[in-house]
Structures are given as structure tokens and as C-alpha cells.
Amino acid sequence: MSQVPGKSKLSRFTQEVHLKKSDAEYGKPQEGTQTAARGRKAHQAISGEIVELCQVIEANARIPGSDENCKGIMFGDLFNIYNSISNKVVGLLLRARKYKLVQFEGETLFQGRDNKTPVFLIRSIKEVKEVFKSGEDPASFQWGVIGRQLDEPQDTK
């Protein structure tokens, strides 16, 4: 991108910066850029999809869990139901597990091979929505963090 001398333009493009992996800003887009805006938008979309996936598990659960909040569904059934909504079932399950919302055996699940593997929703929908609520507020947005982890202390404002 060349600029005419004497004309200063505000750029929405990322400026070249050389960071080390140990730097706090490493791996994060520069604020005010289109990359940051697209990242925030994607972040919100993924949060919504995880909540939706958990709602589908709760609505279609047929396997009782260890307590009233724990409900399960076979992966094959979940895949067939949710795949008509989104083709990202496995990725969303992995992300939901990262945030301690669902539980299943194995590293990842594959259609066909793992159809009989139960997937348990281990939090109530209210708790699931609470995890992702903090991501809705731009003032509390943090890169790499979707929401409040359920084992983190709550803000008591």
C-alpha cells in the first residue's frame, strides 16, 4: 500500500509489529483494525452456537445423568439433529468441553465410529448462558476468552 507524500490517511489495516511469543499482545489482532472487528463478530457467533448446541442437547436428552442438571444424548443422535443446523458439531462440542459445559469420553468424536458415545450436558442452560454473557459486553471482551469459566469467581458489582 503506497501513500502519497504529504497526505496522511488513517489506515484500518494492521501495522507491522514484531512480537515475541512471550509478549502479552502476541497472537491478538491490533485494536481498531478490521481483523479485530471480524474476530469479535466471529467470537459472538461461536458463543451463540455453543449455547444453541447445549439447548439442543437439553431438549433431546434421553440419558439421565448423575444429577438433575446432567442430561445425555448419544453422539450419533446429536450429530443427526444438530448437523441440519450447523456442520460444526464436533468443533462446538470440543469448545463446550473446554468451558466445562459438556462431557464425553475420548479426545474427539467421529461420525459413525462414536455414534454410541454419550454426550452429557453437565450444566443447566442458565449456567451455560452465564458463561457466555460476559462476551456480549465490549468493555469486558478479552481475546481468547469466550466468557466466565464456571469455576472462576463471579463479579459482584
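This is a predicted model: local features need pLDDT of at least 70, side-chain atom pairs count only at pLDDT 80 or more; totals for chains, interfaces and linings use all residues.

Q: Which residues form a nonpolar patch on the surface?
A: Val17, Leu19 and Tyr26 do, with about 260 Å² of accessible area together. Patch members have over 30% relative accessible area and no salt bridge, and nonpolar side chains (Val, Leu, Ile, Met, Phe, Trp, Tyr) are joined within 5 Å. A salt bridge would be a side-chain nitrogen of Lys or Arg within 4 Å of a carboxyl oxygen of Asp or Glu. Areas are Shrake-Rupley with a 1.4 Å probe, and for residues only the protein chains shown count as cover.

Q: Where is Tyr26 found?
A: In the segment before helix 1 (34-60). Tyr26 is partly exposed at 41% relative accessible area; buried means under 20%, exposed over 50%, and partly exposed in between.

Q: New topic: which residues of helix 4 are buried?
A: In helix 4 (residues 125-133), Ile125, Val128, Val131 and Phe132 are. Down the axis they fall within an arc of 115°, so they line one face of the helix. The arc is taken from the directions from the helix axis to the C-beta atoms.

Q: What do they pack against?
A: Helix 1 and strand 4 (118-121), with contact meaning heavy atoms within 4.5 Å.

Q: And the order of elements?
A: α-β-β-α-α-β-β-α from the N terminus on. Helices (H or I, at least four residues) and strands (E, at least two) are DSSP runs, numbered from the N terminus.

Terms used:
Residues are numbered from 1 along each chain as its sequence is written. Side-chain values use heavy atoms; hydrogens and water are left out. Patches are made of residues with over 30% relative accessible area and no salt bridge: like charges are joined within 9 Å, nonpolar side chains (Val, Leu, Ile, Met, Phe, Trp, Tyr) within 5 Å. Buried means under 20% relative accessible area, exposed over 50%, partly exposed in between (1.4 Å probe, protein chains only).
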